[in-house]
Amino acid sequence: MIGNQIGLVPSILSADFTRLGEQVREAEAAGAQRIQIDVMDGHFVPNITMGPLVVEAVRRCTKLPLEAHLMITNPQDYIETFAQAGADVIIVHYEVSPHLHRNIQKIKAAGKQVGVALNPSTPVFMLQDLISLIDLVLIMTINPGFGGQELIPETLPKITQARQLVTQRGLSCDIEVDGGINAATIPQVVRAGANLLVAGSAVYNEKETVAQAMNRLREAIVPARS
């Protein structure tokens with residue numbers, strides 16, 4: 001965990017892919033903690049996005065840690081592929097991991113950090129027996145599949161529950177949130193206990209530069225921590 005620091009994690013799902021390298025470097029220069037790459041297969045979620053080739057391309061653009069968020073039905077078949085492509089953190093979904101412990105072992109064997117994501121309808125207590133093996137819990141604050149959605153308010157207590165579980169066990173585990181994260185919702189999720197904030201369209205949009213967007217989001221963190 002990064003202590004009292006709150007990290008911004010731009011998701012390239014909303015980036016302009018005609019200048020992806022440039023936009024990744026802009027996010028790094030603006031103080032991003034890491035970069036998230038959303039991998040969707042059209043089965044687990046109703047969208048198809050990127051694969052390991054994109055991870056390889058982004059890896060060449062930045063020294064920041066890369067998160068591969070695997071929103072796919074058979075993540076165990078691709079863990080080694082994404083590890084070799086350059087992902088530093090590999091996130092699998094609880095909902096498609098009937099043998100979650102095995103997937104955790106595979107990620108660790110590949111020398112990568114382990115992330116486990118929970119959809120809005122999946123309770124936090126499902127992770128209580130394995131939390132000590134996990135580096136990052138990703139609380140989905142939207143139903144995964146598309147960017148630009150609004151945060152589901154009912155997911156906020158789950159962030160607090162995850163933080164309490166980690167604190168009670170004395171663990172060093174990041175609590176990340178993904179979905180509807182913007183200047184208006186950042187205070188809510190930070191107060192609830194999140195320390196990594198994934199933002200897509202709030203970082204990559206046509207209204208402002210990446211640097212301007214990142215500064216605006218960072219300013220929203222200040223009142224949330226007071």
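A: Strand β4 (residues 89-93) is joined to β5 by five bridges, and the two run parallel. Strands here are DSSP E runs of at least two residues, helices are H or I runs of at least four, and both are numbered from the N terminus; two strands count as paired if DSSP finds at least two bridges between them. Before going on, this is a predicted model, where local features need pLDDT of at least 70 and side-chain atom pairs count only at pLDDT 80 or more, while totals for chains, interfaces and linings use all residues. Residues are numbered from 1 along each chain as its sequence is written, and side-chain values use heavy atoms, with hydrogens and water left out.

Back to the pair: Ile-90 stands opposite Val-114 in β5, and Ile-91 stands opposite Gly-115. To get from β4 to β5, the chain passes through helix α4 (residues 100-109), and this β-α-β crossover is right-handed; that is, with the strands pointing away from the viewer, the path from the first strand over the helix to the second runs clockwise. Helix α4 lies across β4 and β5, at about 145° to β5. That angle is between N-to-C directions, on a 0 to 180 degrees scale, with axes fitted to C-alpha atoms, for helices over the stretch in contact; contact means heavy atoms within 4.5 Å.

On the β6 side, β5 pairs with β6 (residues 136-140), again in the parallel sense, over four bridges. There, Leu-118 has Ile-139 as its bridge partner.

How enclosed does that leave β5 (residues 113-118)? Five of its six residues are buried, so the strand is largely enclosed by the rest of the structure. Buried means under 20% relative accessible area, exposed over 50%, and partly exposed in between, using a 1.4 Å probe and protein chains only.

Zooming out, the strands belong to an open sheet of eight, ordered β1-β8-β7-β6-β5-β4-β3-β2, with parallel pairing. β1 (7-10) and β2 are at the edges with a single partner strand each, so one side of each has no neighbour in the sheet. On average, neighbouring strands of this sheet are turned by 25° against each other, direction ignored.
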